[in-house]
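Hello,

Here is the structure I promised to pass on. My notes on it follow below.

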Number of protein chains: 2
Amino acid sequence: MGMGRPREFDAEMALDQAMEVFWRHGYEGATIAQLTEAMGINPPSLYACFGNKEGLLKAALDRYTKLRGIWIDEVVAAPTAREVAERMLMGIADKQTDPANPPGCLLVQGGIACGTGSENVPFELAARRAQNEDQLRERFVRAKAEGDLKESADPAALARYVSAVSVGMGVMASSGADREALRQVADVAVQAVEAQSADKA
Amino acid sequence: MGMGRPREFDAEMALDQAMEVFWRHGYEGATIAQLTEAMGINPPSLYACFGNKEGLLKAALDRYTKLRGIWIDEVVAAPTAREVAERMLMGIADKQTDPANPPGCLLVQGGIACGTGSENVPFELAARRAQNEDQLRERFVRAKAEGDLKESADPAALARYVSAVSVGMGVMASSGADREALRQVADVAVQAVEAQSADKA
DNA sequence: CCAGATATGTAGTGTTCACTACAGATGTGG
DNA sequence: CCACATCTGTAGTGAACACTACATATCTGG
């Protein structure tokens, strides 16, 4: 039995283009026509490869969070909780204002609220954000065990806090905040983590 | 010349219902059918009163920000920058998880990214968020002048920071975070403002 | 070179969307 | 009571949407 005609486009490169469209217009705001044009393919190819619009979004999110997860692994390799927060938030400030990408964060821009029929898109994004938060929380748990964070510190609350600031910065970036403005936010935000850190000996 | 047949519905009550629909589904996710049903009117009444869908959104935003502005006036009446931040963020935690309203904040849920033809909706929301940030910044300017904030403190950066945390909490609330989780975030966030406060004598 | 399998491009499908034409209802001023 | 103005409900309008039927093209295995 033959294996059929081979695909004529590169799925990952097409995903990168789709990602950008979702990033810029959100899930509902992105149309199949825009997506197929950006991906350089026709609708039947899209549906054969990704099932439907939501399947394409999930594939794009997988790609996005995979790259992001690798970066966060580097972030949490920082020696202290304070430096983890600083690397994280300063990195976010830079990434979210990188002219190579649309401003903000796909996990926010993708869709915070959706209409009937797309209700689980916001949940899908929230689940991916929660993954990042988990990575941070585990790192802060370790920091507390190492005596790097105060005994009174709550690693889960700290992780939620850093995650919330990241999201807020993303929204600001998408509405025009420049890199310097975001760095100032990050700079202030880090001080809350510093306040939870054990005093230097 | 006669004045014509009088309107049979209350515009403000109808706006409250429309606000809730936009809040829950976002601008693009909200349909005219949902809006008119919630408002208890038919499409021609909506268009006669508000012009079009975007006009209705703006009217709903006006109503939302008016109430919110009054609340922020109370918040910035707190005696110190630290207490302003605490009242603000704790109040946000409570408001965004108030079961009387959809979770989160209309100025975020309304639409962070939109499709072609609605590009200025995100700008409209961003402008309203900026108003709140301005109120905070002015308060922090005063706090610095009063010696309540350190000489090294940047009131604009602090206001942006509190605003960013508020937005981040709103996104978390809309994706299911409960009140206690948001209060923990607020609690950590306030400590950054405290770190910018002048030492107590 | 043929049969089976999968991809592609053209050209649609039905549905849903924001919005409105129109006729009738209900008010005001003369 | 009449001319006029504005609102209301019914019933649509054209456009845009996500998605697909179908014929054709390009591969593999025999």
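A salt bridge here is a side-chain nitrogen of Lys or Arg within 4 Å of a carboxyl oxygen of Asp or Glu. By that rule, the interface of chain B and chain A has zero salt bridges.

First, the ground rules. This is a predicted model, where local features need pLDDT of at least 70, side-chain atom pairs count only at pLDDT 80 or more, and totals for chains, interfaces and linings use all residues. Residues are numbered from 1 along each chain as its sequence is written, chains are lettered from A and ligands numbered from 1 in the order in which they are written, and side-chain values use heavy atoms, with hydrogens and water left out.

The interface: 40 residues of chain B are in contact with 40 residues of chain A (contact means heavy atoms within 4.5 Å). About 3,100 Å² is buried between the two chains, 65% of it from carbon and sulfur atoms. Buried area is the accessible area (1.4 Å probe) that two parts lose on being put together, summed over both. I112(B), R160(B) and V188(B) supply 17% of what chain B buries against chain A, more than any other three residues.

Which helix gives the most to the side of chain B that touches chain A? It is α8(B), with 13 residues. Helices are DSSP runs (H or I, at least four residues), numbered from the N terminus. That side divides into 20 nonpolar, 14 polar and six charged residues. Nonpolar means Ala, Val, Leu, Ile, Met, Phe, Trp, Tyr, Cys and Pro; charged means Asp, Glu, Lys and Arg; the others, Gly among them, are polar.

Best wishes

Conventions:
Helices (H or I, at least four residues) and strands (E, at least two) are DSSP runs, numbered from the N terminus.
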